[in-house]
Structure formats: C-alpha cells, structure tokens
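Please read the numbered points alongside the sequence and the model.

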Amino acid sequence: MPVFAANLTMMFNEWAFLDRFDAAADAGFAAVEYLFPYEAAPEAIAERLARNNLQQTLFNLPPGDWAAGERGIAALPGRFDALKADVERALDYAAATGVRRLHLMAGIADPHDEDASSCYRRSVTYAAGRLAEKGIDLLLEPINGRNMPGYFLNDFGTAERLIAECGLPNLKLQFDIYHRQIIHGDVAMALRRLLSITGHIQIASVPSRNEPDGEELNYPYLFGEIDRLGYDGFIGCEYIPRGQTLDGLGWFKPFARS
C-alpha cells in the first residue's frame, strides 16, 4: 500500500510552518516533505519530527534567490561555488532531519545552451558525489513549462539520459505525476519504464493541481499500478488544497496512519 508524505509547503497552510508537522501527524500522515526548510532552525524541525513520529522524506537544496525569480542555480554558469555552499547548507538540515533524498533544482536556463548544459552536468555530478558520502540520494525532477516557464530540466527523456550517462548509484528521478502528465502524458507506461531509476513520486490532480481525487487522471488506478510494480518509496502529496486541507482528505482516509 502506498505511503504518502504530506507536502507542508502546499498543505496545512492554515497552520504556521512548524505547527504543520503536528497537523499532518494528527491527520494520519506518517511522513512529510516540503520545498525548503531554511527559514526554520534544523533543531526545531527535528524536534517536530521526533515529537510526531514523522519521517522526513524530501526537500530541495537551496534554490538561489527565489524572491528574485531564481528556481535553482545548478545550470547557471558562474554559480558553482554558491552551489557547493548550498550543498553544505542542505546537508546540515539532512543531518538534523534524517532525510535520505534531496532534490536539486536546475534553474531558469535554455536547455539547448551548451554552457548551461555543461554547468548542470558538473553541478549534478558534484552534488551527487557529496551526498553519496552521507548516504543520501540526489533527485532530478523535470518540471513543466506552464508552471515554471523557462525551467532548464523540462523533459523526462533528458533526465533519464543524464542519469544513465552519469552512472551514479545515488542519482535518481523525481517522478512527479502532475508534471509528467502536462509535459508528456502516458503516465502509466512511463511509470513501468522509469520506476527502476525513480527515487520519489509526487502527485496532484491535472490540470488544477488539487487533491488527487478527480479531473483527468485516474489515481486509484495509478496507485494500484505503483503497488503492482513494487515501488517501496514514498508518494509526496504536492498539491494545493481546493479549500481547507482537512476537508479535502477524503481520498486519503484509506491510507491514514491509525
């Protein structure tokens, strides 16, 4: 049976960030993820995880200047020293939270630009190597251009080829079903083909990015397929509730921790 992680960036926004850990646990989640932890002290997050017997499944490495529009710096020439510092900062939080998967955002850059491509490969190789020293997987997530125009890694085939070419055992795909459906479609067949290199799965309805209980994807079927394929990782609920978070958890009740 799938194990779901509440995304505390998008869900439980009725609470302050640290209180979302308590709310997610009370709602029956055994695991959590979020985009970025860096505005809270790592010790404070660790305390909430321990208090609620929650597992930390994923967060992103620092994304650069988010407020200025940066969405990662891995593919940005001239930012390699900053990226190395960001890896160390993320590892401080990883040590506190016990997380075993970190996502590296590529940034806004032309995927056909040779300098950006070279910079991205260098960043990925470095970050994966550094994380491997701590037993942590590095994840690469293709993101659709509708939600994030100009994002460098906007194609699943590109991610698949890079993972194969690098040949690093801790370099994995972050398979966001929402992004996959918008970019390429063919979700079930892609899961069958790519699950062997997948380190994390995320979900949301398409096209609205709400609860996984309607619109154009049949999530009960996909959950069954993920089980059939033997996936033993976490499924992150990276969706925006239509209303109050708790009111939209009907779909989750069969999977809730008692």
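**Notes on the predicted model**

1. The protein chain exposes about 10900 Å², of which carbon and sulfur atoms supply 49%; accessible areas come from the Shrake-Rupley method with a 1.4 Å probe, and for residues only the protein chains shown count as cover. This is a predicted model in which local features need pLDDT of at least 70 and side-chain atom pairs count only at pLDDT 80 or more, while totals for chains, interfaces and linings use all residues. Residues are numbered from 1 along each chain as its sequence is written, and side-chain values use heavy atoms, leaving out hydrogens and water.

2. The secondary structure of the protein chain comprises 8 helices and 8 strands (DSSP runs numbered from the N terminus: H or I of at least four residues for helices, E of at least two for strands). The radius of gyration is 17 Å, close to the 18 Å that the globule rule gives for 258 residues, so the chain is as compact as a globular protein of that length. The radius is taken over C-alpha atoms, and the rule is 2.2 Å times the number of residues to the power 0.38.

3. Buried residues make up 56% of the 258 residues (buried: under 20% relative accessible area; exposed: over 50%; partly exposed: in between; 1.4 Å probe, protein chains only). Of the contacts with a separation of 6 or more, 76% are between residues 24 or more positions apart; contact means heavy atoms within 4.5 Å.

4. UniProt, in an unreviewed entry, places the feature "domain: Xylose isomerase-like TIM barrel" at residues 21-253; its positions are given in the numbering used here, feature names are shortened, and annotations may be inferred rather than shown by experiment. In the model, this span is 38% helix and 14% strand, and its end C-alpha atoms lie 18 Å apart.

5. Phe 36 lies in the loop between strand S2 (31-33) and helix H2 (42-51). Phe 36 counts as partly exposed because its relative accessibility is 22%. Leaving aside residues up to four places away in sequence, Phe 36 touches Thr 9, Asn 60, Leu 61, Pro 63, Trp 66 and Met 105.

6. Most residues other than glycine have a negative phi, and most peptide bonds are trans. Phe 12, in the loop between strand S1 (3-7) and helix H1 (17-26), has a positive phi of about 60° and is buried at 0% relative accessibility. In the loop between strand S7 (198-203) and helix H8 (219-228) lies Pro 207, joined to Val 206 by a cis peptide bond with omega about 15°. Arg 209, also between S7 and H8, has a positive phi of about 60°.
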